[in-house]
Amino acid sequence: MIKLKFMSIKELLLKIKDSAKIFFLPCEENEFRARIFAGNFLISFFLLAVFLKLAFAFFVYSFSSSSFYADITKTSLVELTNKERIKNNLPALNQNPLLDAAAYMKATDMANNGYFSHNSPAGMNPWYWFDRSGYNYKYAGENLAIGFLESNEVNDAWIASPTHKANIVNGKYKDIGIAILKTNFHGNPATIVVQLFGSRQVKAAVQPTAATVAAPNANKNITTTESAGKEVKEVLGAATTAPDKDSATFKMIAFFAEKYFGLVQYLIYVSMGLVALLLGINFAMKADFEHVDLIAKAFGFIVIMAVFAMIDQSLVVALVPHNLKIY
């Protein structure tokens, strides 16, 4: 008969305590060479950090074509827009399904007809899509982007352009609509983003007048319009099918898109602080330079990790091959 011997909780805690002491602190059991510094742990941890950041780059490159990722990006862009407005003491915009529909129709028209502009080759201006969706506007505006891989990237590009930012922080707007369309654009896979702004018309009056404000760069401009009134049009219902936000797949992709990289950066900073703290404790417990190699390894780890931490999320995304444009 085989007898199984189980450790008591007290014995288990003592074993963990002894193992931690040998791993973190200089003592007779490890010949006064803490295992965290003496072995290959620090090198292995750095390689793990490199792998985790490469995994994020692979995720962005591979999953940016996913419908889940598009929906996450759409939600993030609304949040980022409202954060910018709040910073400028403006109320948050409400996501409007009619503007979502208008944005989707505009994105689809650009994809089908191979253009990236506020006005279509057929002569349709941005407000045509407002009419098609049935959004009866008084004020309206449009921002466009193509080729992005991540919501922060396209939002940063818009904020960096004074005229695009002017739409985002325009106090006249009350509603927002966004479409994210994955498509084949001029023979290459691309993501088209249409961001629409508007305020509803209350009283009917005259036909709208439109004005296009040119940006400093001819390839970057913003289009906005103001109207005294319009008739309510039929809602045509052009919209993408939203994925199930309660599904495990959606939550997993949302975690990787929004929180994963921040967690990796947090682990890097914590590891640097922990190694610095343990180095100080080790030196205090055995204040000599007998083990100079351990001190050099610890300092080297801190320096390398500090440099590696400078590779932030925006830099990783920028290194992934793509071509972002705004209009």
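**Close-up views of a predicted model**

**View 1. Helix H7 and its buried residues.** Seven of the ten residues of helix H7 (residues 151-160) are buried, so this helix is largely enclosed by the rest of the structure; buried means under 20% relative accessible area, with a 1.4 Å probe and protein chains only. The buried residues of H7 are Ser151, Glu153, Val154, Asn155, Ala157, Trp158 and Ile159. The model is predicted, local features need pLDDT of at least 70, and side-chain atom pairs count only at pLDDT 80 or more, whereas totals for chains, interfaces and linings use all residues. Residues are numbered from 1 along each chain as its sequence is written, and side-chain values use heavy atoms, with hydrogens and water left out.

**View 2. The packing of H3 against H10.** Helix H3 (residues 41-63) and helix H10 (residues 292-309) pack at an angle of about 10°, with their axes 10 Å apart. That angle makes H3 roughly parallel to H10, a term for angles under 35 degrees. Leu42, Phe45, Phe46, Ala49, Val50 and Lys53 in H3 meet Lys297, Ala298, Phe301, Ile304, Met305, Phe308 and Ala309 in H10, where contact means heavy atoms within 4.5 Å.

**View 3. The largest nonpolar core.** This core has 32 residues, and those with the most contacts inside it are Phe37, Phe56, Ile268 and Val275; such a core is a set of buried Ala, Val, Leu, Ile, Met, Phe, Trp, Tyr and Cys residues joined through side-chain atoms within 4.5 Å. Helix H2 (35-38), H3, helix H9 (248-285), H10 and helix H11 (313-319) each give two or more residues to this core, and H9 gives the most, with ten residues.

Technical notes:
Axes are lines fitted to C-alpha atoms, for helices over the stretch in contact, and angles run from 0 to 180 degrees between N-to-C directions. Helices (H or I, at least four residues) and strands (E, at least two) are DSSP runs, numbered from the N terminus. Angles under 35 degrees count as roughly parallel, over 145 as roughly antiparallel, 65 to 115 as roughly perpendicular and the rest as oblique. Buried means under 20% relative accessible area, exposed over 50%, partly exposed in between (1.4 Å probe, protein chains only).
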